[in-house]
Amino acid sequence: MARQVNQQNQWWIFTAVVLLSFMSTLTSSIVNIALPVMSRAMAVPTAQVTWVASSYLIVTCMFLLPFGKLGDMLGKARVFKIGTVIFTIASLFCGINLGFVWILIMRGIQALGASMTLSTNAGIITETFSKEQRGLALGSFGSVVALGSTAGPGLGGLILTYLPWNYIFWVNVPVGIAAIILGQIVLPKAEATTAGKIDAWGMLVLIFMAGSLFMGLILGQQVGFMSLIFLSLMIATIILLIIFIYLEKRAADPVMNFHLFSNIDFSLSLLRRF
């Protein structure tokens, strides 16, 4: 029944998914151009205010895979809908200047919502469209999401020319509200889900491992790749990776199925992305 509904509303579902996905990638690039203005407004050094951009990327990367797994188990549309609400509310609060720490916290929450949408969007489109239309849908989806990254600086400059920096975040709110309303109407209410027990320890270790890795890479650019803090975070990443592999090989329903990498085509396709 869900498939029949999807076929009737597939391009509306596509629109709902693309709207939030576009804004999730747009906000990661649009903020960069506003950092000098935000630095002056909050009386924060430029080197410190860059964490407004970095924190969003770090948290998004930390939670992409865990939310993707939860989407399989609980329903992709359900996770996506919750993510749109979190992202939109956090975007509103990001534009309220209550200090640097406040914005960092709100950016983290905003990234949490973004990771819920970004980890499930392609899966929703894949399940919505038939094999004959899937290539067109995914290609169009990829183009729009890529546009969000490239359009950020230009749109950010336009906003800052006429409006305060707060609107860099508030521009997400009307689009988010539209995605929430449209999603409630067209996204499936009942979905096929995957049975299984949540691999809580695997998810937890993966989150800390990703956080350690990306935090180390960003700090390495700032303080040097031979600094103690960078080396410590890389060592922590390696240790957590070993623990993660150990846990996943013994988990009944792992977050990451390592048997997938035995497929040569799958592994080579991942390598080509680098």
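**Entry 1: ground rules.** I take helices (H or I, at least four residues) and strands (E, at least two) as DSSP runs, numbered from the N terminus. The model is predicted, with pLDDT of at least 70 needed for local features and 80 or more for side-chain atom pairs, while totals for chains, interfaces and linings use all residues. Residue numbers start from 1 along each chain as its sequence is written, and side-chain values use heavy atoms, without hydrogens or water.

**Entry 2: the chain.** Reading along the sequence, I wrote down α-α-α-α-α-α-α-α-α-α-α-α-α. I then looked at burial: 45% of the 274 residues of the chain count as buried (under 20% relative accessible area with a 1.4 Å probe, protein chains only; exposed is over 50%, partly exposed in between). For contacts (heavy atoms within 4.5 Å), I took the pairs of residues at least 6 apart in sequence, and 79% of these contacts join residues at least 24 apart.

Entry 3: Val-49 then touches Leu-35, Met-38, Ser-39, Met-42, Val-44 and Phe-100.

**Entry 4: the cavity.** A cavity is a set of points on a 1 Å grid where a 1.4 Å probe fits but cannot get out; a pocket is an open set with protein on both sides within 12 Å along at least five of seven lines; lining residues have an atom within 4 Å of a point. A volume is the space filled by probe spheres on the points, which are joined across faces, edges and corners. I found one cavity of 30 Å³ or more. The volume of the largest cavity is about 40 Å³. I noted Phe-80, Lys-81, Thr-84, Val-85, Ala-179, Ile-180, Gly-183, Gln-184 and Leu-187 as its lining. Helices α5 (76-94) and α10 (172-186) each give at least two residues to that lining. By class, the lining has five nonpolar, three polar and one charged residues.

Entry 5: I turned to the second largest pocket, with a volume of about 310 Å³. It is lined by 16 residues, and Cys-61, Leu-206, Met-209, Ala-210 and Phe-214 are the closest to its centre. I checked which helices take part: α4 (51-74), α11 (200-223) and α12 (228-250) each supply at least two lining residues. The lining divides into 15 nonpolar, one polar and no charged residues.

**Entry 6: Thr-237.** I found Thr-237 in helix α12. Thr-237 counts as buried because its relative accessibility is 10%. Apart from neighbours within four places in sequence, Thr-237 is in contact with Met-209, Ser-212 and Leu-213.

**Entry 7: Ile-177.** I placed Ile-177 in helix α10. Its relative accessibility is 41%, so Ile-177 counts as partly exposed. I also looked at Ile-89, which is 88 residues away from Ile-177 along the chain, and the C-alpha atoms of the two are separated by 9.3 Å.

**Entry 8: Ala-43.** I looked up the loop between α2 (35-42) and α3 (46-49), where Ala-43 lies. Ala-43 is not a glycine, yet has a positive phi of about 55°. Ala-43 has a relative accessible area of 70%, so I wrote it down as exposed.

Technical notes: Ala, Val, Leu, Ile, Met, Phe, Trp, Tyr, Cys and Pro count as nonpolar, Asp, Glu, Lys and Arg as charged, and the others, Gly among them, as polar.
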